[in-house]
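Trainee: I would like to go through the labels used for this model and ask what each one rests on.
Mentor: Go ahead; take them one at a time.

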Amino acid sequence: MTQESDLDSTVRMRIRSLRKARGWSLDSLAERAFLSPSTLSRIETGHRRIGLDQLTALARALGVSLDQLVESVSDEDAVIRPRRDERRGLTTWMLNQGSGPAGATVAKMRITDEARGPGVDRLGVHPGKDWFTVLSGTVTLLLGERAVRVGTGRTARFSTMIPHAIKAHGGPAEILCVLDHDGQRGHLHPPA
């Protein structure tokens, strides 16, 4: 199968799955998309080519964007590979590709006590706010002169204009964090 026919098959499957997830019959979706039920049936089963006007009408009726309906799928979309920063003792899994809601980035981070090298103890400052929750272990949130311990299941939110850093305390820790654009640049792409 070619990549184009894979995508075509995926789009047809999405249309049918979204229709069924909403509990709609062929007639119901066809009416909402201003199509005949037989045309919709042939689209879903692959017996009719899908025109751009039909895709647009179906996306609108299903409450999704055209981009969501036709986005391609690859193994890269399903498997999230970690990025390791040995110098900072940090492993990061990017949980969303591109920007999330309101430009936010969601990442899982594993922080160890093995950070070494020049600048690893430096506190960062940038515009915005950061938020994280501790999935396992304990972290020390350095905020200026303060050190705040945050344990498993606890959440922290702070202004990133305060000099800050997050360190593991007493062993490795894992956090789930939400970063704005400035936070992503400051935490995930450190200067070389």
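Mentor: The model is predicted. A search of the whole structure finds one aromatic pair.

Trainee: Why is the pair of phenylalanine 132 and phenylalanine 158 called edge-to-face?

Mentor: The ring centres of phenylalanine 132 and phenylalanine 158 are 6.4 Å apart, and a pair needs centres within 6.5 Å. Their planes stand at 70 degrees; over 60 counts as edge-to-face, so that is the label.

Trainee: What makes this pair a tie between parts of the chain?

Mentor: Phenylalanine 132 belongs to strand 4 (residues 129–143) and phenylalanine 158 to strand 6 (residues 155–159), so the pair ties together parts 26 residues apart in sequence. Both phenylalanine 132 and phenylalanine 158 are buried.

Trainee: How do you know that the charged end of arginine 32 sits over the ring of tryptophan 24?

Mentor: The charged end of arginine 32 is 3.9 Å from the ring centre of tryptophan 24, and the limit is within 6 Å, along with an angle within 35 degrees of the ring normal. Arginine 22 also has its charged end over the ring of tryptophan 24, at 5.9 Å from the centre.

Trainee: Why is glutamate 174 called buried?

Mentor: Its relative accessible area is 16%, and buried means under 20%, so glutamate 174 is buried. Glutamate 174 is in strand 7 (residues 164–179).

Definitions and conventions. Residues are numbered from 1 along each chain as its sequence is written. This is a predicted model: local features need pLDDT of at least 70, side-chain atom pairs count only at pLDDT 80 or more; totals for chains, interfaces and linings use all residues. Side-chain values use heavy atoms; hydrogens and water are left out. Rings of Phe, Tyr and Trp (its six-membered ring) pair if their centres lie within 6.5 Å; planes under 30 degrees apart count as stacked, over 60 as edge-to-face and the rest as tilted. Helices (H or I, at least four residues) and strands (E, at least two) are DSSP runs, numbered from the N terminus. Buried means under 20% relative accessible area, exposed over 50%, partly exposed in between (1.4 Å probe, protein chains only).
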